Amino acid sequence: MKLYNTLTRQKDEFVPVEPGKVGIYTCGPTVYMFAHVGNFRAYVFSDTLRRVMDYLGYQVKHVMNVTDVGHLTSDEDTGEDKLEKGARQEGKTPQEIARFYEKVFFDDAARLNILTPHIVCRATDHIPDMIELVRRIEANGFAYRTSVGLIFDTGKYPEYAALSRLNLAEQQAGARTTVDPERRNPSDFALWITNQPKHLMQWDSPWGRGFPGWHLECSAMSIKYLGERFDIHTGGIDHVPVHHTNERAQNFAATGKEVVVRWMHNAFLVINDTRMGKSEGNLVTISELEKLGVAPLDFRYLCHTALYRMPLSYTAESLKSARNSLRGLVDFGRNAQVWPVKDPAWTEPFQREFKEAVADDLNIPQALAAAWNIVREGNQRQDRTAWAALLDFDRVLGLGLERLVGATPGIPDQVAELVAAREAARKSKDWAESDRLRDRIGELGFVVEDTPQGARVKPRP
Ligand SMILES: [Zn+2]
């Protein structure tokens, strides 16, 4: 299997840290507002990665955090805590805000068939782990104090810009609008913040009462659950220059090691050439999508139409096309229920094509093409083997085809055999036999309709 690594800017062979196993950490939501479909592109990506690894036979451990403290309104350590700002605006406590939006997030994720990660960890439940990590960072000489709190000294880590590949001047220009004269380097960031007495969520620490910087939770929790060297860290491409760069620096400062072997980032969802984001004011949530008549799984299909590293175009056209494609697969599945299993071997080349595609840096568009090849060939052959192959692919695609098709009840084998016999009779223009078989199917409580895609059978109303 080959996967791209943002750190090396190369697609190379995936070699797990532990044979047969893979550890994946995904930066989860900051739960102070509804997640939008642009956010969910990232979670469909990490879910698909997990499913592919499982499909290829790895034992997967997927960890995702929930940020419920410390993410300030700028990605730097200035401004207000997003949770506390949300709480103030809605007249609630930060905990109420966090639990509410966390629940909505996981409900939305479930409607997208995103599997719940094996471990979901909240920042506020891991404050002692974060404090412990900062102790190690400080003991290794990577931290200093200012009036803000305890600050990470990025100047101590020569590899600091390796992930973003920005030179320090570019990094600083992009990241910071005001210069803090107390900081040794403009890219230095807070590990523990002690100068915000109005902040509602505060904890005691060796550096005084305060709260963690945002980047800290992901370092602390990924190391806690996946160890000091793990396989894959995912997130949106916007995390590269600051959040993941700082996580990586903390990891090294605490452990003296490159903790994350492979960083994988998805590109943005774009509307009219603009990224979907809060500051762009063009957010669409999963609920709003449904009001537009688009099912969450139509959106999941849309995500599969582009490589994860390429921008994905979100337009009325592209959504409609995704919806029609998904319906096509479901219609095919319904038709296939009444076909007999003829030759179990003909789908094998397409299954190989599918497996090769997903193992080539998650080339899901190519994998979908293999699925559609099976649909075309399956329609020719009228062989239910095609359906079994599609269900196998759906372990990766996560479109819930079995459930969508199963919205119509199962067809007994006896009926399926009669339908197949009737098809054969029709082909040989034996209309009397065809009619006799139709009546027999009717006696068993089913009606058969002839469509351009072949016979379709359903329970008699
Ligand atoms: Zn993170």
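Helices α9 and α10 are roughly perpendicular to each other; angles of 65 to 115 degrees count as such, under 35 as roughly parallel, over 145 as roughly antiparallel and the rest as oblique. The axes of α9 (residues 296-304) and α10 (residues 316-336) come within 8 Å and cross at roughly 100 degrees. Axes are lines fitted to C-alpha atoms, for helices over the stretch in contact, and angles run from 0 to 180 degrees between N-to-C directions. Helices (H or I, at least four residues) and strands (E, at least two) are DSSP runs, numbered from the N terminus.

The model is predicted: local features need pLDDT of at least 70, side-chain atom pairs count only at pLDDT 80 or more, and totals for chains, interfaces and linings use all residues. Residues are numbered from 1 along each chain as its sequence is written.

On the α9 side, the contact with α10 is made by L297, D298, Y301 and L302. On the α10 side, S318, L319, A322, R323, S325 and L326 take part. Two residues are in contact if their C-beta atoms, placed from the backbone, lie within 7 Å. By class, this contact holds 6 nonpolar, 2 polar and 2 charged residues. Ala, Val, Leu, Ile, Met, Phe, Trp, Tyr, Cys and Pro count as nonpolar, Asp, Glu, Lys and Arg as charged, and the others, Gly among them, as polar.

L83, E84, G86, A87 and E90 of α2 meet P94, I97 and A98 of α3. The residues of this contact divide into 5 nonpolar, 1 polar and 2 charged.

Two strands pair if DSSP finds at least two bridges between them. Strand β12 (residues 269-271) runs parallel to β14, and 2 bridges join them. V270 has S313 in β14 as its bridge partner.

The domain assignment gives domain 1 (2-266), domain 2 (286-406) and domain 3 (413-459). Such bounds come from an automatic or database assignment. The C-alpha centres of domains 2 and 3 lie 27 Å apart. In the contact between them, 8 residues of domain 2 touch 10 residues of domain 3. Helix α10 gives the most to the domain 2 side, with 3 residues. That side has 3 nonpolar, 3 polar and 2 charged residues.
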